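Biologist: I would like to go through this model with you. Please tie each label to its cut-off.

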Amino acid sequence: MSIRKALSIVLRVLAPDKPYHVQWMVTRKCNYRCRGCNVWREQDNKELSAEEIKRGLDILRKLGVVEVLISGGNPLLREDIDEIIKYASRYFFVTVYDNGSLAAEKIDALRRANFVAISIDSLNPDKNDHIRGVEGAWKRAIEAVERLHTEGINVSVTPTISQANLYEIIDFTKHFLDKGIPIWYSLYSYDSLEHSNSLFKIGKAEDAFLIRDRDAMVKVCDSLLEMRQKNDDILITTKVLKAVKQLYSSNERLWRCRALQNFFVINHRGEVAGCHLHEPVASIFELPDLWESEKFEALRRKYSACERCTYLCYIFYSIHGNVAGNMEIVKDKWRSLKFFLRRH
Ligand code: SF4
Ligand code: SF4
């Protein structure tokens, strides 16, 4: 990362009451058929052009956004993804998601990203491919991770913790840590009928994935808390791990949701919502007029009382969703941060 971009990001991190994190699902297209996912079941070919996305990115910059997470579908399926990543990486801390199928073909584009997250759910190839719904997914993903790592690109492995892989998460974590590959996690969650007016659907209800063994989940949190004292490549922060542990041990939420305050999501059509489970409230191009409106203030109050989901990224953004929270990430991840600065 250039010194100029790093300084610009630091200034935005220290500015209070900004939407620091944005997830932009730039396409609905996906080449995988994951069993716990609704995205590939509900396709929509209409999506913003690269030029429109660039205009949207300019708006995000003016709003004070720090991190743009580019996902989908699989964002790497877009033919213009190189142009989008290149533009976004001028201003933002950019994370790009891939299911492991295309990253190895997009090395040059991904070099500009600050972080590439590759999803792998198990060390067992057959189990992984069953969850992903595509034969050969595991092999391709492992090869992609190794290739990116060798190329000096900051790559992490991102398993979705579910009942299907709960008992192997610690071994899974050790396996990649031993190779020097950082780990970020998702938590299996699903969108129910009560989310019928949501921006779009991601998680599909699947009995086999629902975490039923809550004690085992608490133990996973304890083990990760202990392991991350020695290894910064476990990218989830201590504070978030403690909050997840509390959720599974006593059903208590240690955070209030900060959707549409410190984070929001944008879909492939450029529609904006606090999170994907709520209805769209604006187009990206209307945001400058609406961000400080009474309408958005009312929505923020509503979302801050909401306890409807356990999507880990939203928990993370909520817990680390203000200047103090940003500083906690910096403190918690100081060695990782130096790693990012060194590599780009
Ligand atoms: S989870 Fe990701 S890779 Fe799998 S089908 Fe859904 S969007 Fe595609
Ligand atoms: S808790 Fe927050 S992120 Fe989850 S559904 Fe409610 S508003 Fe959305």
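Biologist: What makes both faces of E2 covered?
Modeller: Glu67, Leu69 and Ser71 on one side are buried, and so are Val68 and Ile70 on the other. Buried means 20 or more other C-beta atoms within 10 Å of the residue's own; exposed means 12 or fewer; partly exposed lies in between; C-beta atoms are placed from the backbone. In E2, 5 of the 5 residues are buried, so the strand is largely enclosed by the rest of the structure. In a regular strand the side chains alternate between the two faces of the sheet.

Biologist: What should I know about the source before going on?
Modeller: This is a predicted model: local features need pLDDT of at least 70, side-chain atom pairs count only at pLDDT 80 or more, and totals for chains, interfaces and linings use all residues. Residues are numbered from 1 along each chain as its sequence is written, while chains are lettered from A and ligands numbered from 1 in the order in which they are written.

Biologist: What is the mean pLDDT of the protein?
Modeller: The mean is 90, and 92% of the residues reach 70 or more. pLDDT is the predictor's confidence in each residue, from 0 to 100. Over residues 338-344 it stays under 50. The model has 9 contacts beyond four places in sequence for that stretch. A contact needs C-beta atoms, placed from the backbone, within 7 Å.

Biologist: How do you know that E1 and E2 pair?
Modeller: Strands pair if DSSP finds at least two bridges between them. Strand E1 (residues 21-25) and E2 have 5 bridges, in the parallel sense. Gln23 has Leu69 in E2 as its bridge partner. Strands (E, at least two residues) and helices (H or I, at least four) are DSSP runs, numbered from the N terminus.

Biologist: And what of E8 and E9?
Modeller: They pair over 2 bridges, in the antiparallel sense. The bridge partner of Val265 is Ala273 in E9.

Biologist: What is the strand order of the open sheet?
Modeller: The 8 strands run E5-E4-E3-E2-E1-E8-E9-E10, with mixed pairing. Strands E5 (155-157) and E10 (282-283) stand at the edges, each with a single partner strand, so one side of each is left without a neighbour in the sheet.

Biologist: Why is Leu260 called buried?
Modeller: Leu260 has 24 C-beta neighbours inside 10 Å, so it counts as buried. It lies in the loop between H9 and E8.

Biologist: Is Asn251 buried or exposed?
Modeller: Exposed: Asn251 has 8 other C-beta atoms within 10 Å. Asn251 sits in the loop between helix H9 (238-250) and strand E8 (263-266). Phi of Asn251 is positive too, near 60°.

Biologist: Why is Asn197 called exposed?
Modeller: Because Asn197 has 10 other C-beta atoms within 10 Å. Its place is in the loop between strand E7 (186-187) and helix H8 (214-227).

Biologist: Which peptide bond is cis, with omega about 25°?
Modeller: The bond joining Gly72 and Gly73. Gly73 lies in the loop between strand E2 (67-71) and helix H3 (81-88).

Biologist: Which residues does Ile315 touch?
Modeller: Val240, Ala243, Val244, Trp255 and Thr310, not counting residues up to four places away in sequence.

Methods. Two residues are in contact if their C-beta atoms, placed from the backbone, lie within 7 Å.
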